[in-house]
Amino acid sequence: MKVVIVGAGSVGSSIARELLAHKHEIMLIDLKPEVIGRSGLRGARWLVGDACELSTLQDAKLEGADVVVSATGDDKVNLVVSLLAKTEFGVGRTVGRVNNPKNDWMFNDSWGVDVAVNTPQLMTALVEEAVEIGDLVRLLTLQTGVSSLVEFTVPHDSHIIGSTVGGIEWPDDATLVAILRDHAPITPSRDDVIDGGDELFFVTTIEAEDGLRALLSPSAGDHGSVGVEEEFSDQSDDDGFDG
């Protein structure tokens, strides 16, 4: 895969290092020539120039890139690069770094951004994930702000323990995509039984997060098996798990 990364600071260099380790073809674009010498990125190609200039992107042959990552510390630059990559060069996938959470709303398809990575928000989410059990934590916003990847660590006194994945009426537009149990990922099936300590990962619309949070909250268990189907219901093959 050919990936062009704009911005060779700590974020851009870290992304490049990981991608190079996975044998991808990497080009980095940065205004400062001195970053080349201190990066230590073997195998990467470099272009010194202003990525907001069409001539620089033409020199980078951006039309041949599979992915463009705008990883500078300037939100304006990241938006302009994403827009040019989409409109002028037809790049299939763009990833934009959001530095200021107040600018998050602009990182959408109107500006050519396929995936917005809000670094402060992601770091906050990872901190919350480490300390909060029983809370729904948004890890990443996907698809131009419409969908998200969220995580829920099942408390050991949760009302959903013992329920099967297919026996829970998940909210519309919320799909369980993975279970992490004992540090091992599990692809969910209808017959998998939820256990305490499981980390549940969902892809959901932003609007569906509240419904998912309500289903998983301790108060949902106070009303009996709220959101949980009868295991031997005649409709068990038709309802429940979206996956």
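This note walks through the predicted model in numbered points.

1. Ground rules. The model is predicted, so local features need pLDDT of at least 70 and side-chain atom pairs count only at pLDDT 80 or more, while totals for chains, interfaces and linings use all residues. Residues are numbered from 1 along each chain as its sequence is written, and side-chain values use heavy atoms, with hydrogens and water left out.

2. Overall make-up. The protein has 6 helices and 11 strands. Both are DSSP runs numbered from the N terminus: helices are H or I with at least four residues, strands are E with at least two. Of the 243 residues, 44% are buried. Buried means under 20% relative accessible area, exposed means over 50%, and partly exposed lies in between (1.4 Å probe, protein chains only).

3. Surface and contacts. The accessible surface is about 12700 Å², and carbon and sulfur atoms hold 52% of that. These areas come from the Shrake-Rupley method with a 1.4 Å probe; for residues, only the protein chains shown count as cover. Now take the contacts with a separation of 6 or more: 55% of them join residues 24 or more positions apart. Contact means heavy atoms within 4.5 Å.

4. The largest nonpolar core. A nonpolar core is a set of buried Ala, Val, Leu, Ile, Met, Phe, Trp, Tyr and Cys residues joined through side-chain atoms within 4.5 Å. The largest one here has 17 residues. Phe152, Ile160, Trp170, Leu200, Phe202, Leu212 and Leu216 touch the most other members. At least two residues of this core come from each of strand S8 (147-153), strand S9 (174-181), strand S11 (199-205) and helix H6 (209-216). In soluble globular proteins, nonpolar side chains tend to be buried together.

5. The second largest pocket. Its volume is about 250 Å³. A pocket is found on a 1 Å grid over the protein atoms alone: it is an open set of points where a 1.4 Å probe fits, with protein on both sides within 12 Å along at least five of seven lines. Points are joined across faces, edges and corners, and the volume is the space filled by probe spheres set on them. Lining residues have an atom within 4 Å of a point.

6. The lining of that pocket. There are 17 lining residues, and Gly7, Ile29, Asp30, Leu31 and Thr72 are the closest to the centre. Strand S2 (25-30) and helix H2 (34-39) each give at least two residues to the lining. By class, the lining has 8 nonpolar, 5 polar and 4 charged residues. Here Ala, Val, Leu, Ile, Met, Phe, Trp, Tyr, Cys and Pro count as nonpolar, Asp, Glu, Lys and Arg as charged, and the others, Gly among them, as polar.

7. Two positive phi angles. Lys61 is not a glycine, yet its phi is positive, about 55 degrees. Lys61 sits in the loop between helix H3 (54-59) and strand S4 (67-70). Its relative accessible area is 58%, so Lys61 is exposed. Asp182 is not a glycine either, and has a positive phi of about 55 degrees. Asp182 belongs to the loop between S9 and strand S10 (184-186). Asp182 is exposed because its relative accessibility is 70%.

8. Ser70 lies in strand S4. Is Ser70 buried or exposed? Its relative accessibility is 1%, so Ser70 counts as buried. Beyond four places in sequence, Ser70 touches Val6, Asn78, Val81, Ser82, Val95, Gly96 and Arg97. Leu176 lies in strand S9. Leu176 is buried because its relative accessible area is 2%. Leu176 and Val203 are 27 residues apart along the chain, with their C-alpha atoms 6.7 Å apart.

9. Asp50 is in the loop between strand S3 (45-48) and H3. With a relative accessible area of 29%, Asp50 is partly exposed. Leaving aside neighbours within four places in sequence, Asp50 is in contact with Leu31 and Thr56. Leu31 is also among the residues closest to the centre of the second largest pocket. Lys76 lies in helix H4 (residues 75-87). Lys76 has a relative accessible area of 60%, so Lys76 is exposed. From Lys76 to Val98 is 22 residues in sequence and 9.6 Å in space, C-alpha to C-alpha.
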